[in-house]
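Here are some notes for a first look at this structure. Please keep the model open beside them.

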Amino acid sequence: MAKAPALPPFECAYQGRLLAGVDEVGRGPLVGAVVTAAVILDPERPITGLADSKKLTEKKRNALYDEILEHATAWSLGRCEASEIDQINIYQATMIAMERAVAGLGVSPEYVLVDGNKCPEWHWPSEPVVKGDSRVEAISAASILAKVTRDREMEAFELKYPGFGFAQHKGYPTPVHLEALFRLGVTPEHRKSFRPVQEAIEQVGFCKPYLATVEETLHYPNDLFENLS
């Protein structure tokens, strides 16, 4: 099969120094927060090797993560927890988390580029960039911060909830995760509005050691797992 043609380099009309890139990680998983990052890079302190975080090795991501924290003009993380995702939906939660990331920047951006095809409804001048994590260095940097942050949280969940394999699958609905979910039950960190988790609640209930921390009366909309557009 022929490869899809490469997207052209992105040309931004804004040419100032306060350009923020924004990206998210964690829309598809069944567990944990959706994590976003906003980064304003310093043109006087360039970072070599920035790219889509998914295309980098873990070792390279971690090294770039440290460089971004040290050299960026400003950076900020935003998030929406599983409980918030359950109350609204994953799309709206992602938009809110992006806004939180930009609002948390220590330096106010003059322009914002967002990975994807839509920007949140906010007051900053902005535009979306399809495949922006591969075309805009500031978005690449944001994707690295968000992914490293969320991956580390999943590694912490591995210790807190042994047997689920969170360090391996990072909360995505892999066969390993689904098997554990339907064998062990649902943890407090799972997104209870997502269909596979709803089915696990109906079939096996909550993971027994954590039952006291989980609300058993759920009033969340159905089928939010399908709303990833």
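1. Start at lysine 131. At 53% relative accessibility, this residue counts as exposed, because the cut-off for exposed is over 50%. Keep in mind that this is a predicted model. Lysine 131 sits in the loop that joins β5 and α4. Its phi is positive, about 60°, although the residue is not a glycine.

2. Now turn to lysine 170. Is lysine 170 buried or exposed? At 16% relative accessibility, lysine 170 counts as buried, because buried means under 20%. Its phi is also positive, at about 60°, and lysine 170 is not a glycine. Its place is the loop between α5 (166-169) and α6.

3. The sheet comes next. Five strands form an open sheet with mixed pairing, and their order is β3-β2-β1-β4-β5. β3 (74-80) and β5 (126-129) are the edge strands; each has a single partner, so one side of each has no neighbour in the sheet. On average, neighbouring strands are turned by 20° against each other, direction ignored.

4. Look at one strand pair in detail. Strand β4 (residues 111-115) pairs with β5 in the parallel sense, over four bridges. Aspartate 115 has valine 129, in β5, as its bridge partner. In general, strands of a sheet pair through backbone hydrogen bonds, either parallel or antiparallel.

5. Which strands does α3 touch? Helix α3 packs on the sheet and contacts β1, β2 (34-40), β3 and β4. The direction of α3 makes about 150° with that of β3. Helix α4 lies across β1, β2, β3, β4 and β5. It runs at about 35° to β1.

6. The largest pocket deserves a check. It holds about 620 Å³ of space. Its lining has 27 residues, and those closest to the centre are Asp23, Glu24, Arg27, Lys54 and Asp115. The elements that give two or more residues to this lining are β1 (19-25), α3 (90-103) and α4 (137-160). The largest share comes from α3, with four residues. By type, the lining divides into seven nonpolar, nine polar and eleven charged residues. Asp115, named here by the pocket centre, is also the bridge partner of valine 129.

7. How much space lies in the second largest pocket? The value is about 420 Å³. Of its 18 lining residues, Gly16, Leu19, Leu41, Glu137 and Ala138 are the closest to the centre. This lining divides into eleven nonpolar, two polar and five charged residues. As background, rolling a probe the size of a water molecule over the atoms shows where empty space is left.

8. Finish with helix α7. Its residues are 195-203, and the buried ones are Pro196, Val197, Gln198, Ala200 and Ile201. These buried residues pack against α6 (175-184). After α7 comes glycine 205, with a positive phi near 80°.

9. Isoleucine 201 is placed in helix α7. Why does isoleucine 201 count as buried? Its relative accessibility is 19%, and buried means under 20%, so isoleucine 201 falls in that class. In sequence, isoleucine 201 and valine 186 are 15 residues apart. In space, their C-alpha atoms are 6.5 Å apart.

Key: Residues are numbered from 1 along each chain as its sequence is written. This is a predicted model: local features need pLDDT of at least 70, side-chain atom pairs count only at pLDDT 80 or more; totals for chains, interfaces and linings use all residues. Side-chain values use heavy atoms; hydrogens and water are left out. On a 1 Å grid over the protein atoms alone, a cavity is a set of points where a 1.4 Å probe fits but cannot get out, and a pocket is an open set with protein on both sides within 12 Å along at least five of seven lines; lining residues have an atom within 4 Å of a point. Grid points are joined across faces, edges and corners, and a volume is the space filled by probe spheres set on the points. Ala, Val, Leu, Ile, Met, Phe, Trp, Tyr, Cys and Pro count as nonpolar, Asp, Glu, Lys and Arg as charged, and the others, Gly among them, as polar. Buried means under 20% relative accessible area, exposed over 50%, partly exposed in between (1.4 Å probe, protein chains only). Contact means heavy atoms within 4.5 Å. Two strands pair if DSSP finds at least two bridges between them. Axes are lines fitted to C-alpha atoms, for helices over the stretch in contact, and angles run from 0 to 180 degrees between N-to-C directions.
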